[in-house]
Amino acid sequence: MTADDVRAIRVEAVESLLVEKGLVDSAVVDRIVEHYENNVGPLNGAKVVARAWTDPAFRERLLANGTKAVAELGFGGPEGSMIVAIENTPEVHNVVVCTLCSCYPWPVLGLPPTWYKSAEYRSRMVAEPRKLLGEMGLDVPATKKVRVWDSSAEARYLVVPERPAGTEALGAEELASLVSRDSMIGVAVAKEPTP
Amino acid sequence: MTEQAEQIPQATIEGDLEGPVSPPRDNGAIVFAAPWERRVFGIVLALCRDGRLPWEDFRQQLIAQIAADPDRPYWESWAAALEAVLSTAAALQRDEVDEREHTLLARPAGHDHRDDEHGHGHGHGHGHGH
């Protein structure tokens, strides 16, 4: 019996007793876990981006009104009331920061990573974005402009990364798997498909 | 379904899920390595959502459990915190859990892993109904 089996049985014992005492409903536990696994995380944003890559009309709606467009996919809530999508192009790379606190498009990206809230990121992304991006592993070509967006409660920015070349044949799910959280903050680009 | 999930006191819990005792994450999503980990996470949140367990009580216990054994894997501390907080609240005593654990261990082959630990992976046949 492995250590995991032992833990599993212990947890099952706790859960079965709580159910019998009427303190917990297993179906509710299922729903909560599924909620955290599926509804609260950057996979939401990745689905939005994949849709924008494949559906030009959706892309236009997304860029015109981010909040409304992501609601079409079922993402929203109080924290998502002011989502603004900005699109990377061959000429411009966008990156998001919240200089004052940690404003973030929660319904599409989940909780912000620790570094996003750090004083260093908040100040340096404004003062020397190209250098900081390089340190974070993204070298933006000199020919490309870097545009820094300051997120706030009025506008929580979501970067739509450029669609990588060679992805024409991929389906929505495969495309979404190329879109990382970091690429939607703008400190990375979308992943190349694995051949 | 969504409506029910939204009844979780999210302001409190979400805030703590990124604090010093926050769960392990990958690319922003909470990481579960084994099915029991997601289960014990969900049980705590279900108790909080129903108002049966104040999130702050659990959080303090989790902090204590992590401090008591910093090298213990995160979700084991989480499970220990749940048992401790239930015991303190007199909702569930440790000997009750011990007894149930023994009952579950005594299930016939096919319902536990005693006899087939080499034959099957983890997380199957626990009968959680999902």
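Trainee: Which residues are linked in a network of salt bridges?

Mentor: A:Arg10, B:Glu83, B:Arg94, B:Asp98 and B:Glu101. The model is predicted, so local features need pLDDT of at least 70 and side-chain atom pairs count only at pLDDT 80 or more, while totals for chains, interfaces and linings use all residues. Side-chain values use heavy atoms, without hydrogens and water.

Trainee: What makes the contact of B:Glu101 with A:Arg10 a salt bridge?

Mentor: The term requires a side-chain nitrogen of Lys or Arg within 4 Å of a carboxyl oxygen of Asp or Glu. For B:Glu101 and A:Arg10 the N to O distance is 2.6 Å, so the pair meets the definition. B:Glu101 belongs to helix H6 (residues 94–105) of chain B and A:Arg10 to helix H1 (residues 3–20) of chain A, so this pair joins two chains. Helices here are DSSP runs of H or I with at least four residues, and strands are runs of E with at least two, numbered from the N terminus.

Trainee: Why are B:Glu101 and A:Arg10 called buried?

Mentor: Buried means under 20% relative accessible area, exposed over 50%, and partly exposed in between, with a 1.4 Å probe and protein chains only. B:Glu101 is at 14%, so it counts as buried. A:Arg10 has 9% and therefore is buried too.

Trainee: What ties B:Glu83 to B:Arg94?

Mentor: A salt bridge, with the closest N and O atoms 3.3 Å apart. B:Glu83 lies in helix H5 (residues 74–88) of chain B and B:Arg94 in helix H6 of chain B, so the pair ties together parts 11 residues apart in sequence. B:Glu83 has a relative accessible area of 10% and is therefore buried. B:Arg94 has 43%, so it is partly exposed.

Trainee: How many salt bridges are there over all chains?

Mentor: The search of the whole structure finds 20. One of them links B:Arg39 and A:Asp30, with the closest N and O atoms 2.5 Å apart.

Trainee: Why is strand E2 of chain A described as largely enclosed?

Mentor: Because 6 of the 6 residues of E2 (residues 92–97) are buried, the rest of the structure largely encloses the strand. A:Val92, A:Asn94 and A:Val96 point one way, and A:His93, A:Val95 and A:Val97 the other.

Terms used:
Residues are numbered from 1 along each chain as its sequence is written. Chains are lettered from A and ligands numbered from 1 in the order in which they are written.
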